[in-house]
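Subject: Handover of a structure for your review

Dear colleague,

Please find below the structure that I am handing over to you. My notes on what was found in it follow directly after.

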Amino acid sequence: DESLFSAVESRLADYLEASAVSARNLQAEKDAIKTLIGDISHQTKTPIANIKIYLELLDNEEENTEKQREYLEKIEGQTEKLDFLLKSMVKMSRLETGIIEIHKKPCSIYETLGRAVAAIVPKAEKKKIGIYVECPENLMLCHDSKWTEEAIFNILDNAVKYTKEDCPPKSRNIQIGVAVQEFFTKISFKDSGKGIAMDRQAEIFRRFYREPEIHDQEGIGVGLYLARKIITMQDGYIDVQSEPGKGSCFRIFLPNNSKESYE
């Protein structure tokens, strides 16, 4: 029967196509895991090598307490960097593999912002950077408060890190503003940092990307990557407006997909 044969042939073709798609997806996952493992290996080599060097120098020192203290401080710094790196890697891998799920619910964006700002204030105060927030205290937005706080903190940490201490005190600040628009709530972060060239603005959200002129500063280039991942998983997006020498304005857009967002 030709119709039966045709139906079987069609089913078989569908099965083979589904199997091919599944195989491609499996290979893509394997490639992603392979890349992540390679990144972890590459990024951990430097702090581990530095720790080994300082331990050897410390072992060779005799009764020079000042030198010993210096080496111990360097070991502590490298250990903290390694700890931060590994924690960031865990967050990235859990987000990317879907182990961590985003749970959105209507809650105060003012409180989410407040916790992120409170966490960055000690670092900002060391550089005498002021942080100013304009956000309605009763504004509710459907979002995952914990992970959105993480994304906001990463953006603020970036702003504090690259604001130069030699710029005038009055311009050494970060302005945070929140505005409800027709479809999205916009959260903007305007800093007085070094600014970003137009041809690099898409690159800064890549994992481990660091601009050439800032390799001597602390950081491993995962903060903005994580921030974008977190916001994207909430059906939002991040963009940046910047010019070299004129600071940057990062903007988070989260959807107003709940009545509570407007109340």
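Where pLDDT is low, the predicted coordinates should not be read in detail. The mean pLDDT of the protein is 79, and 71% of its residues reach 70 or more. Confidence is lowest in helix α1 (residues 2-60), with a mean of 69, and highest in β5, at 96. Helices (H or I, at least four residues) and strands (E, at least two) are DSSP runs, numbered from the N terminus.

This is a predicted model, in which local features need pLDDT of at least 70 and side-chain atom pairs count only at pLDDT 80 or more, while totals for chains, interfaces and linings use all residues. Residues are numbered from 1 along each chain as its sequence is written, and side-chain values use heavy atoms, with hydrogens and water left out.

The nonpolar cores

A nonpolar core is a set of buried Ala, Val, Leu, Ile, Met, Phe, Trp, Tyr and Cys residues joined through side-chain atoms within 4.5 Å. Buried means under 20% relative accessible area, exposed over 50%, and partly exposed in between (1.4 Å probe, protein chains only). The largest such core has 36 residues, of which Leu156, Ile176, Ile187, Phe189 and Ile252 touch the most other members. At least two residues of this core come from each of α3 (109-126), α4 (145-161), β4 (173-180), β5 (184-190), α5 (223-232), β6 (237-242) and β7 (248-255). The most is given by α4, with seven residues.

Ile252 shows how these elements meet. Apart from its neighbours within four places in sequence, Ile252 is in contact with Ile152, Ile155, Thr185, Lys186, Ile187, Phe189, Ile231, Tyr237 and Ile238. A second, separate core consists of five residues, including Ile51, Tyr54, Leu58 and Tyr71.

Helix α4 and its surroundings

Helix α4 has 17 residues and spans 24 Å from its first C-alpha to its last, close to the 24 Å expected at 1.5 Å a residue (1.5 Å times one less than the number of residues). Because 14 of its 17 residues are buried, α4 is largely enclosed by the rest of the structure. At the start of α4, a side-chain oxygen of Asp144 comes to within 3.3 Å of the backbone nitrogen of Lys146.

Ala151 is one of the residues of α4, and its relative accessible area of 0% makes it buried. Leaving out residues up to four places away in sequence, Ala151 touches Ala227, Ile230 and Ile231. The C-alpha atoms of Ala151 and Arg228 are separated by 7.4 Å, although these residues are 77 apart along the chain.

Thr112, in helix α3, is likewise buried, with a relative accessible area of 0%. A polar atom of its side chain lies 3.2 Å from the backbone oxygen of Ser108. Beyond four places in sequence, Thr112 is in contact with His143, Ser145, Thr148, Glu149 and Ile152.

Aromatic pairs

Rings of Phe, Tyr and Trp (its six-membered ring) pair if their centres lie within 6.5 Å; planes under 30 degrees apart count as stacked, over 60 as edge-to-face and the rest as tilted. By this rule there are four aromatic pairs. One of them joins Phe205 and Phe250 edge-to-face, at 6.2 Å centre to centre and 80° between the planes. Phe205 lies in the loop between β5 and α5 and Phe250 in strand β7, so this pair ties together parts that are 45 residues apart in sequence. Phe205 is buried, at 5% relative accessible area, and Phe250 is buried at 4%.

The rings of Tyr237 and Phe253 are stacked, because their centres are 4.6 Å apart and their planes are at 10°. This pair links Tyr237 in strand β6 with Phe253 in strand β7, 16 residues apart. Tyr237 is partly exposed, at 37% relative accessibility, whereas Phe253 is buried at 4%. Ring pairs also link Phe184, Tyr237 and Phe253 into a cluster.

Positive phi values

Lys128, in the loop between α3 and β2 (130-134), has a phi near 55°, a positive value in a residue other than glycine. Lys128 is exposed, at 66% relative accessibility. Asp235, in the loop between α5 and β6, has a positive phi near 65° and is exposed at 56% relative accessibility.

With kind regards

Terms used:
Contact means heavy atoms within 4.5 Å. A polar contact is a pair of N or O atoms within 3.5 Å; within protein, one must be able to donate a hydrogen and the other to accept it, and residues adjacent in sequence count only if both atoms are side-chain atoms. pLDDT is the predictor's confidence in each residue, from 0 to 100.
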